[in-house]
Amino acid sequence: MAELGDRQGIDDRQEIGERGDPGDHHERWRFTLDKVTHRIEALSRYRHEGRVTRATGLVLEAVGIRLPLGSACLIELSVGQLPDHEARFAEAEVVGFSADKLFLMPLADTSGLLPGARVLALSGNRLDIASARRFPLGDGLLGRVLDGNGRPLDDLGPLEQSPHAPLETPPINPLARAPIDTAIDVGIRAINGLLTVGRGQRMGLFAGSGVGKSVLLGMMARFTDADVIVVGLIGERGREVQDFIENILGEEGLARAVVVAAPADTSPLQRMQGAAYATRLAEDFRDKGRNVLLIMDSLTRYAMAAREIALAIGEPPATKGYPPSVFAKLPSLVERAGNGKRGGGSITAFYTVLTEGDDQQDPIADSARAILDGHIVLSRQLAESGHYPAIDIEASISRAMPAVVDGGQLRQAQRFKQMISRYQRNRDLINVGAYVTGQDPQLDRAVALYPRLEGFLAQRMDENSDRAHTLAELGRLVPADGP
């Protein structure tokens with residue numbers, strides 16, 4: 001390169017001598033510098049280049065280029081065999097390496113890939129990962145629908161004017177986080193009264209398919225008293241994205257929300273990136289002092305995407321086909337939510353967890369229960385009987401509830417659950433007429449109140465039950481100082 005520069009400088013000086021003195025000494029060197037600068041700017045900005053040597057399944061192997069894990073690159077795709085056809089590029093991420101081989105995971109379709117295709121570093125400096133992968137943030141994204149790469153899916157214009165930042169952020173010192181000590185109103189009677197959620201709490205919504213979890217999430221998005229709502233639709237059907245935005249979230253909810261959609265037909269890397277991007281958006285609003293509601297549907301699809309990537313690069317499966325790295329990624333994602341530093345904002349998060357065949361011992365469900373601050377279980381039996389929201393009060397718990405409600409409400413919730421549980425244990429005896437009134441005074445009271453208890457738990461999709469109204473109804477059903 002140095003020899004090339006010296007030779008080019010000689011050529012420039014010879015050219016100046018041949019065309020005559022353009023002026024004084026200063027002008028001659030300015031003329032030379034302008035010509036060299038023009039030639040440098042015309043060069044390609046990619047200084048690190050490799051070649052694709054293998055493409056199997058989801059992973060590409062490349063040699064001749066050194067990039068750190070997590071960095072971005074471009075893969076050349078040919079659109080035809082003729083030389084006049086221009087090449088296009090697909091973005092990929094380094095997900096692993098072996099000796100001098102890099103394992104790349106494309107973010108988009110790689111049709112047209114040829115053996116020996118070029119791999120180009122997306123950043124001029126191969127160690128400068130942050131400058132290569134930056135995503136739009138800020139208030140300008142409210143009311144917008146984006147994909148996992150931060151690109152608009154709606155027709156509301158580009159986002160070049162929004163500030164951009166990398167996805168990775170330093171973790172908050174757990175001792176610096178504000179405690180969870182304030183209840184948040186989610187507008188749902190069963191949760192406000194019996195499973196009270198605190199601002200900054202991370203809750204799991206455990207449900208099988210078709211029991212109303214999306215409807216419940218939409219109610220939270222519309223009724224929760226949060227400043228900003230961030231919705232991550234990860235790995236769901238593409239049809240559900242538009243349905244959730246138009247029919248469940250609605251115009252009122254979307255006006256103060258940002259939706260990140262990475263449907264099931266996108267690459268597993270983009271699904272994981274979509275979840276990380278939704279969390280990063282929530283962190284940005286929290287750092288500005290906002291109270292954020294983060295809804296992610298679903299955490300299971302995120303884990304499945306991580307499993308696809310781990311298995312593709314050769315990691316051995318462990319529990320029910322999930323490699324160990326999947327269970328390390330879940331807390332890394334979930335721990336980013338929660339309260340910020342004292343006096344700052346908060347992220348109250350709801351993560352849906354799919355329980356295959358309504359199996360609550362699914363490895364992802366079991367792992368999620370261990371790292372979340374509570375869980376709300378939706379019952380298929382209740383959903384099939386027409387009871388919505390189909391919340392199984394006996395199987396659900398909010399671990400932060402004792403810290404955000406007074407002793408009176410806590411005693412009311414305990415008595416409510418005790419009556420529901422006592423009735424359910426004796427339901428068969430009651431239905432066949434084998435139970436005789438007067439044998440158990442507490443069961444008699446549960447039987448007498450059960451229709452009202454069940455009515456308290458049921459709620460229409462368009463009905464908003466705030467905390468004040470909820471506590472008033474709960475007090476009429478189960479007095480705090482009652483039996």
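These questions and answers concern a predicted model of one protein chain.

Q: What makes residues 299-312 count as helix 8?
A: A helix here is a DSSP run of at least four residues, numbered from the N terminus. Residues 299-312 make up 14 residues, so the run meets the cut-off of at least four. The protein chain has 16 helices and 19 strands.

Q: How do you know that the span of helix 8 is close to the expected one?
A: The expected span is 1.5 Å times one less than the number of residues. For the 14 residues of helix 8 that gives 20 Å, and the span from the first C-alpha to the last is 20 Å.

Q: Which residue follows helix 8, and what is its phi?
A: Gly 314 follows helix 8, with a positive phi near 100 degrees.

Q: What makes a set of residues a nonpolar core?
A: Its members are buried residues of nonpolar kinds such as Leu, Ile and Phe, joined through side-chain atoms within 4.5 Å. The largest such core has 59 residues, and Leu 194 and Phe 416 are among those that touch the most other members. A second, separate core of 54 residues includes Met 296 and Tyr 322.

Q: Which residues does Leu 194 touch, leaving out those up to four places away in sequence?
A: Among them are Ile 393, Met 401, Phe 456 and Leu 474.

Technical notes. Residues numbered from 1 in each chain as written. Predicted model: local features only at pLDDT ≥ 70, side-chain atom pairs only at ≥ 80, totals over all residues. Heavy atoms only, no water. Helix = DSSP H or I, 4+ residues; strand = E, 2+ residues; numbered from the N terminus. Buried < 20%, exposed > 50% of the residue type's maximum accessible area, 1.4 Å probe, protein only. Contact = heavy atoms within 4.5 Å.
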